[in-house]
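Biologist: Could you put the model up and talk me through it?

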Amino acid sequence: MRDPSAPQVRPRLIALTGNPNSGKSTVFNALTGLRQRVSNYPGVTVERREGRLKYDDGSFATVVDLPGTYSLSPTSIDERIAVDAMLGRGSFSARPDIIVCVVDANSLERNLFLVSQIIDREIPLVVALNMVDVARRRGTTVNPGSLERELGVPVVPLVASKGEGISKLKQILASPVPKRGNARQWMMPAPLARECGELSAILQEKRQLDEAEAFHEALELLTSSDSLLEGADRHDPELLARIRASHRKLEFLDMDRQSAVVSARYRWVQQLSLRATERVPHPGMTKSDRLDWILTHRFWGVVIFLGIMAIMFQSIFSWATVPMEYITAGFDWLGHQAVVALPPGDLRDLLVNGALAGVAAIVAFLPQIMLLFLFLGILEDSGYMARAAYVMDRLMGRVGLHGKSFIPLLSSFACAIPGIMAARTIDSEKDRLVTILVAPLLSCSARLPVYTLLIGAFIPATTLFGLVSLQALTLLGLYALGLVMALGAAWVFKKTLLKSARPELLIELPPYRIPSLRHIVIQMWERAVLFLRNAGTIILGASIILWFLASYPRLENATPSERLQHSFAGKAGHLVEPLIKPLGFNWKIGIGLIGSLLQREVFVSTMGTIYNIQDSNQQEGTLSLRQHMKHDRDPTSGLQTFTTLTAICLMIYYVLAMQCLSTVAVMRRPSGGEGKHGLAAAGIPLHRGNRSPPVRAGLGPPQAGLPGGMQQLLLPHIGGRALGEAASAAA
Amino acid sequence: MPSYPFIRLSDTPAGSSVRIRHVHSRPEISTRLREMGFYEDVIVRCITRTHGNLICEILNTRIGIDGDLANGIIVSPAEQ
């Protein structure tokens, strides 16, 4: 137990690591509860989750949930961050005080590979042996005592989803942890061991490294490819020549250097696992086999996937409607209270029509966000998400994306905001960025009122071949246009600015399990807080600015339309009119476009204001608005303001134009906050397989970055400059 | 199972178990494959295939693998 009298310099730093799908996040949530925050690692789209573990004596430790990794040889930006954090290198100034490696008891050998690497680094380690209940059901029993003796580090069996074993883990994390486990128990081939020993001695002398560090650096250098050594700038030519000579010696002995080390380590891990586990074999097809056969079938797999997506999509639309109405009604009530309580004037107008209206606009999205993450949590926790990515990989592969991109894109039909936030499930930095950039091209629900208004007013209510309504076909065409443009843009991005080859599929499919409600609820809460904090601060400010522009300068004794025309927004409409005139738009549409920067459907209410309609949301108001728009004529030329062609141009504009400010604000966070750094990170060259070249200690990461002009080109589209001030992503 | 000793993992029938003999790919890919358990002498059970991609079980873990990657993994019947 912790000694209360011991001086506390800073909270203990505990890093959670482990293979993907080992249950790290569940353990993290169990240790920290709601005392956590989510941000991004600087300059990249990788999430940083940090929380506080409260000890019994009231003190705290800091717990960081690192991205999942299979080994200490990273092949992606996420893994590099995890490895750098564990080893205290790169942008991380210090190692964690303790590493907790979460191990899936169902795939012990594969998980122990990483454990053995961490032990070899002599970092204080605790093994959290998770999902022991699932393992038992599948006929595997792991002896934690035996593992503990073999590894030389504490091993705590857990069922993190139910909280079992967490209190014991907390006790161990409060106690002093042994510095090292039983390091280097595995035996590498003798020739490699010899070369490693000699190179290690040279490194100790030349670079003043201690024995353990020199050994690991020597091992990494010996197992590096020659192409990586070409880029090394930290070693002297003499040392480089020595390394190359060792490579040649080993190759002369017909040794695959990388394979030899991995195989040797795995052989030891397998022996250890055999001693520590008892398995009851399952002959024939298991339930999981049958489920996988159906859910990944070339036809039924796609049908089931589309069915699940249709249910999810429809639920987000329909289930969110009632809470959204309650939220809107709640804010309407607040607005009414403000009208009653405050005297007429600018303050009341600012509060009701500026601040409250802006906040209401954001909070109204909340039910959709939470529902989306409820479904995503269920799909991910149950193990189905990985199967869905496997099934959709072929379609996504045609535009150079991974199968995991499909779900965020589909979610964007409801709203781009939750779709963009869902892109965090995509491992690859570039694929994640491409998905975020193209998601807003899919027509969201906010555009539907605009489409409905214009189609109803300007597209004839006829049928084609007596079967299909032309109006319905137009609506379908708009959605199809968005989808085609999104996929096309993704293809272009993957071939040019965010170039990388089609990622090869290599995905772990976790065991099927009952989703953990606690874990899902915590995830929903975390996302809700993050969404409200990030988007709300920016949108609140923007709403106040827009209110000011549409309200000043004041014009007394005038109709709403005249006041609007006289305002800064009205003048802005006249100012942009020459730019939009070639599209057939005038100043009235210009104001509508400016207003719809906040929310797309604001275009409808702006048009209503312009045409003196009291409430354009009412049915008779909407019909009147349509009639007004159809009969509106230019006072100078006498020509119709709105024609069918104008309406089609306007609808296509809304399909393709820059997304609303809410989306820009949310894009800014997952894309790395500071757009320039995010793009520089995305520009790190990736080899085929969408993997970055292994980052070896002593060689430094490959130098990369986009040309400045390209960064400038893309910055407005991810909101870095549009919001004026790029800041590093922070909670 | 075919009678010749070595075949590619991509040609392995669903439901059969094979032993990996060699992993051939670009260095960073083969390293990653080995770290995920696709190393020499390990037993792989093929579960199902879709559009050339394959789901297999290795070291008690289920993995979806690209047909191109599976092409580079040479295997033989598990009992050999």
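Modeller: What follows is a short talk about the contact between the chains and the strands beside it.

Biologist: Before that, what am I looking at, and how is it numbered?

Modeller: This is a predicted model, in which local features need pLDDT of at least 70 and side-chain atom pairs count only at pLDDT 80 or more, while totals for chains, interfaces and linings use all residues. Residues are numbered from 1 along each chain as its sequence is written, and chains are lettered from A and ligands numbered from 1 in the order in which they are written.

Biologist: How many residues does each chain put into the contact?

Modeller: Chain A gives 38 residues and chain B gives 29 residues, where two residues are in contact if their C-beta atoms, placed from the backbone, lie within 7 Å.

Biologist: And which element of chain B supplies the largest share of that side?

Modeller: That is α1(B), with eight residues; helices (H or I, at least four residues) and strands (E, at least two) are DSSP runs, numbered from the N terminus.

Biologist: Switching topic, which strand of chain A pairs with β5(B)?

Modeller: Strand β12 of chain A, residues 506–509, pairs with β5(B) in the antiparallel sense over four bridges, and two strands pair if DSSP finds at least two bridges between them. Within that pairing A:Glu508 stands opposite B:Ile63, and A:Ile507 has B:Gly64 as its bridge partner.

Biologist: What's on the other side, in chain B?

Modeller: β4(B) and β5(B) pair in the antiparallel sense over five bridges, with B:Leu54 opposite B:Ile65 and B:Glu57 opposite B:Arg62. Their hairpin has two residues between the strands, and B:Leu59 takes a positive phi near 50 degrees there.

Biologist: So what's the order of the whole sheet?

Modeller: The sheet is open, has seven strands with antiparallel pairing, and runs β12(A)-β5(B)-β4(B)-β3(B)-β2(B)-β6(B)-β1(B). Its edge strands are β12 of chain A and β1 (7–8) of chain B, each of which pairs on one side only.

Biologist: Back to β5(B), is that strand enclosed or open?

Modeller: Five of the five residues of β5(B) are buried, so the strand is largely enclosed by the rest of the structure; buried means that 20 or more other C-beta atoms, placed from the backbone, lie within 10 Å of the residue's own.

Biologist: Which way do those residues point?

Modeller: B:Thr61, B:Ile63 and B:Ile65 point one way from β5(B), whereas B:Arg62 and B:Gly64 point the other way. In a regular strand the side chains alternate between the two faces of the sheet.

Notes. Buried ≥ 20, exposed ≤ 12 C-beta atoms within 10 Å, placed from the backbone.
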